[in-house]
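Let's take a walk through this protein together, starting with its charged pairs and ending at its surface. Have a look at the model first, then read on.

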Amino acid sequence: MEMPDILHEQRRLIMTIARWTGLSLLVGVLSGGASGLFLFLLDQVTQIRQIYPWIMAGLPLAGFGVGWIYHRLGQDVEPGNNLLLDEIHDPKKVVPLRMAPMILVGTLICHLFGASVGREGTAVQMGGSLADQLTHYFRLTSTDRRILLMAGISAGFSSVFGTPLAGAVFGLEVLAVGRMSYDAIFPCFFSALVANRIALLFPIRHMPITISFVPPIGWASLASAAATGIVCGLIGRMFAQASHNVADFFKKRISYAPARPFWGGLIIVVAMFVFGTRYAGLGIEIIEDAFSSQIRPWDFLGKFIFTVVALGSGLKGGEVTPLFFIGATLGHSLSAVLPLSASVLAGLGFVGIFSGAANVPLTSLLIAIELFGTEMGVLASVTCVLSYLFSGQTGIYRSQRSGEKHHSATSRI
């Protein structure tokens, strides 16, 4: 290549980076601010529910109310995360701005009344919808808009969990199974870093998880990490399939959309009356207990069932924090048969179940490193990769495309 061509190429690169720095900065500020506000309000409604636990009896009516609002005003944004993925794969029209306030209010209401749902779906939808509004102001092409949506997803994930590296990779990795899209790598990383810093300006705290001791890498620890990965992959696959089956059941049996979360909420309230409120809301306290104290061996199954019914019936929130709960408690339970400490296995389950259920092994590995430290990197990599391989093609996001089948990838090793 001639020197003038090289200089011209570098000038174009600098101009492109400058342009995307500005756009990514806006995405990070918008997404981080929305996530910070959401996490602050989520903490407030959780405290109210803990002070007045009787309020959870109102979950069926709360579910009906949220469902009615979406039925009347938000049918086009009802698909949530899947709508964002569809628009990235096949850009058609700008995601309506009302997605952000509707998912914010809907999730807060569901958490106030004790639904077993998460929070990443809310942050991702707010980040993606707010980022997409920039399309109007900067007259972006469909290709640029696709990158902007990916940056919004990264920013939302990063800021809600306090994991900027994992958030950046999540926006690149979640689109297709077995394939990453690197054309958005700079906007995703920059917006994720900015969003995380902006969210921390709010009076919030992320999960303070500590693993006191990680054993040296040896055959026993690697075998335990591998076994955990296989179990997590199978459970993650079951969770994704069960979520889809329950959602299909509600849609088939109940034609009036607002009635679905009503009946889902009623089932959960009856279950709470019988089994208690241990699986209501995020369950952060039990996640923390899985790393430090005794839990019930069936906790992972209880959260599994409560979450599948909640999300399948249409109650609003996310899947990831419940998956962290399921994984951490499952890992803790595996310490009864595997030669690793309960805290280490809880950490491996924490990320392993997400890797399998969402088909995002690299994101999950980075979560382990950012939350638990680099000492967990090798063991977590074994768990996340095997969980991904054993989870099959089914994932929690229906619009996630199949870039490459899991086992066709391993056949080339």
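When a side-chain nitrogen of Lys or Arg sits within 4 Å of a carboxyl oxygen of Asp or Glu, that counts as a salt bridge. What you're looking at is a predicted model, and a search of the whole structure turns up 10 salt bridges.

Let's start with Arg19 and Asp144, whose side chains meet in a salt bridge at 2.9 Å, N to O. This one links distant parts of the chain: Arg19 belongs to helix 1 (residues 3-51) and Asp144 to helix 7 (residues 142-161), and they are 125 residues apart. How covered are the two partners? Arg19 is partly exposed, with a relative accessible area of 37%, while Asp144 counts as buried at 14%, because buried means under 20%.

Now move on to Arg145, also in helix 7. Its side chain meets that of Glu87 in a salt bridge, again given as 2.9 Å from N to O. Glu87 is in helix 3 (residues 81-89), so to speak a distant part of the chain, 58 residues away from Arg145. Arg145 also has a salt bridge with Asp132, at 2.8 Å, N to O. Asp132 lies in helix 5 (residues 120-132), so this pair ties together parts that are 13 residues apart in sequence.

On to the cysteines. How many disulfides are there? The count comes to zero, where a disulfide would need a pair of cysteine sulfur atoms within 2.5 Å. Take Cys384: the nearest cysteine sulfur belongs to Cys232 and is 8.5 Å away, so Cys384 is in no disulfide by that cut-off. Cys384 counts as buried, at 1% relative accessibility, and Cys110 is buried at 1% as well.

Finally, let's go out to the surface. Here Trp263, Leu266, Val270, Phe273, Val274 and Phe275 form a nonpolar patch, with about 680 Å² of accessible area together. One of its members, Phe275, is found in helix 11 (residues 259-275). Phe275 has a relative accessible area of 59%, and that makes it exposed because the cut-off for exposed is over 50%.

Notes. Residues are numbered from 1 along each chain as its sequence is written. This is a predicted model: local features need pLDDT of at least 70, side-chain atom pairs count only at pLDDT 80 or more; totals for chains, interfaces and linings use all residues. Side-chain values use heavy atoms; hydrogens and water are left out. Patches are made of residues with over 30% relative accessible area and no salt bridge: like charges are joined within 9 Å, nonpolar side chains (Val, Leu, Ile, Met, Phe, Trp, Tyr) within 5 Å. Accessible areas come from the Shrake-Rupley method with a 1.4 Å probe; for residues, only the protein chains shown count as cover. Helices (H or I, at least four residues) and strands (E, at least two) are DSSP runs, numbered from the N terminus. Buried means under 20% relative accessible area, exposed over 50%, partly exposed in between (1.4 Å probe, protein chains only).
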